[in-house]
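Please examine the sequence and the structure shown below before reading the report.

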Amino acid sequence: VAKYGDADRVSALGYALGYVGGGLLLVINMAMVLKWEALGFPSALFALKASFFSVSLWWGAFSVPLLKNVPEPGGKSITKSSFPQVASAGFARLVVTFSQIRLYRQLMLFLAAFWLYNDGISTIIKMATAYGSEIGIGVGHMAGALVITQFVGIFCTLLFGRAARVFGAKPCVLAGLGVYAVICILGYWMTVPWHFFLLAAAVGTVQGGCQALSRSIFAVMTPRHRAAEFFGFFSTSAKMAGIFGPLVFGVVAQVTGQARFSIVALIFFFVAGGLLLSRVDVKAGEKAAREAEEQEEAWSA
């Protein structure tokens, strides 16, 4: 959906608007749970269940503009199959797609880097509340910290999009990974709620920007005629690779008896991912993608 050369801005805008929607709904849900009696709910548990229901309504409502207004390219018809057949065929296709991605050296190198550092990012998102609970941060404070992350993320993600136009997307992501490494170090010393708030704000400054620009880097190095399958692999493989961060977090916590050391251990993902990313030649990756598109057009003609 982005014009050539506009992927960084569009991707950053998408994440920023996601923070707007997620932040607004989170505030509404917090009010429902914390002020359930004043809002007329029969119990706090009912208000919590209503919050989950509101998320489904939110998703449904904001899917309508996409389904109604965004044109979908024509696809190929498939024969009727059972769900197991479709699922197995889908995973088999991932293997085929991976073999195609490997032909694009810079894209493959970027994917390896992304698997590493995105695993660190997603682990911080997943384990933040567990870590906060262990060191005695209350649920209300943790929920407030999540709101801070959301709303700081709106402006900082847009800022990342602008910065990418000046410095390039890769340097901006590398800078963000450096901030994450510092966050892991500071997280070790966190003891009181205001520490949690400060780190939540720090995460908000880089989380959306790193993820948005990672997506745009992948986009510019992907041949347009393979965009759907490559992005499908991009999303699926990131989730598959995302098990290692929580695994490291859990193992280190069990061995040391303290989750503080688990936070520090996550630095590995940011440093290793950043080192791999520094070796990615985005210009060469773009060139390879454009050459593949030209070859595809020639064959189609």
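This is a predicted model: local features need pLDDT of at least 70, side-chain atom pairs count only at pLDDT 80 or more; totals for chains, interfaces and linings use all residues.

## Helix α8

Helix α8 runs over residues 227-241 and comprises 15 residues. From its first C-alpha to its last, the helix reaches 21 Å, close to the 21 Å expected at 1.5 Å a residue.

Several residues of α8 are buried, namely Glu229, Phe230, Phe233, Phe234, Ser237, Ala238 and Ala241. Seen down the axis of α8, these buried residues fall within an arc of 160 degrees, so they line one face of the helix. Ala228 and Lys239, on the other side of α8, are exposed.

## Phe233 in Helix α8

One of the residues of helix α8 is Phe233. A residue counts as buried when its relative accessible area is under 20%; Phe233 has a value of 8% and is therefore buried. In sequence, Phe233 and Arg93 are 140 residues apart, while in space their C-alpha atoms lie 9.3 Å apart.

## Salt Bridges

Side chains of opposite charge can pair when their charged atoms come close. In the whole structure, a search finds three salt bridges. One joins the side chains of Arg9 and Asp6, with a distance of 2.9 Å from N to O. With a relative accessible area of 37%, Arg9 is partly exposed. Another salt bridge is formed by the side chains of Arg226 and Glu229, at 2.8 Å from N to O. Glu229 also belongs to the buried residues of α8.

Arg290 forms a salt bridge with Glu293, and the closest N and O atoms of this pair are 2.9 Å apart. Arg290 and Glu293 stand three residues apart in helix α12 (residues 282-300), and therefore about one helical turn separates them. Both Arg290 and Glu293 are buried.

## The Second Largest Pocket

Rolling a probe the size of a water molecule over the atoms shows where empty space is left. The second largest pocket has a volume of about 480 Å³. Its lining consists of 22 residues, and those nearest the centre of the pocket are Ile124, Ile125, Ala128, Leu146 and Thr149.

Which helices each supply at least two residues of the lining of this pocket? They are α1 (7-34), α4 (105-134), α5 (139-167), α6 (169-188) and α7 (193-220). By class, the lining of the second largest pocket contains 16 nonpolar and six polar residues, and no charged residues.

Technical notes:
Residues are numbered from 1 along each chain as its sequence is written. Side-chain values use heavy atoms; hydrogens and water are left out. Helices (H or I, at least four residues) and strands (E, at least two) are DSSP runs, numbered from the N terminus. The expected span of a helix is 1.5 Å times one less than its number of residues. Buried means under 20% relative accessible area, exposed over 50%, partly exposed in between (1.4 Å probe, protein chains only). The arc is that of the directions from the helix axis to the C-beta atoms. A salt bridge is a side-chain nitrogen of Lys or Arg within 4 Å of a carboxyl oxygen of Asp or Glu. On a 1 Å grid over the protein atoms alone, a cavity is a set of points where a 1.4 Å probe fits but cannot get out, and a pocket is an open set with protein on both sides within 12 Å along at least five of seven lines; lining residues have an atom within 4 Å of a point. Grid points are joined across faces, edges and corners, and a volume is the space filled by probe spheres set on the points. Ala, Val, Leu, Ile, Met, Phe, Trp, Tyr, Cys and Pro count as nonpolar, Asp, Glu, Lys and Arg as charged, and the others, Gly among them, as polar.
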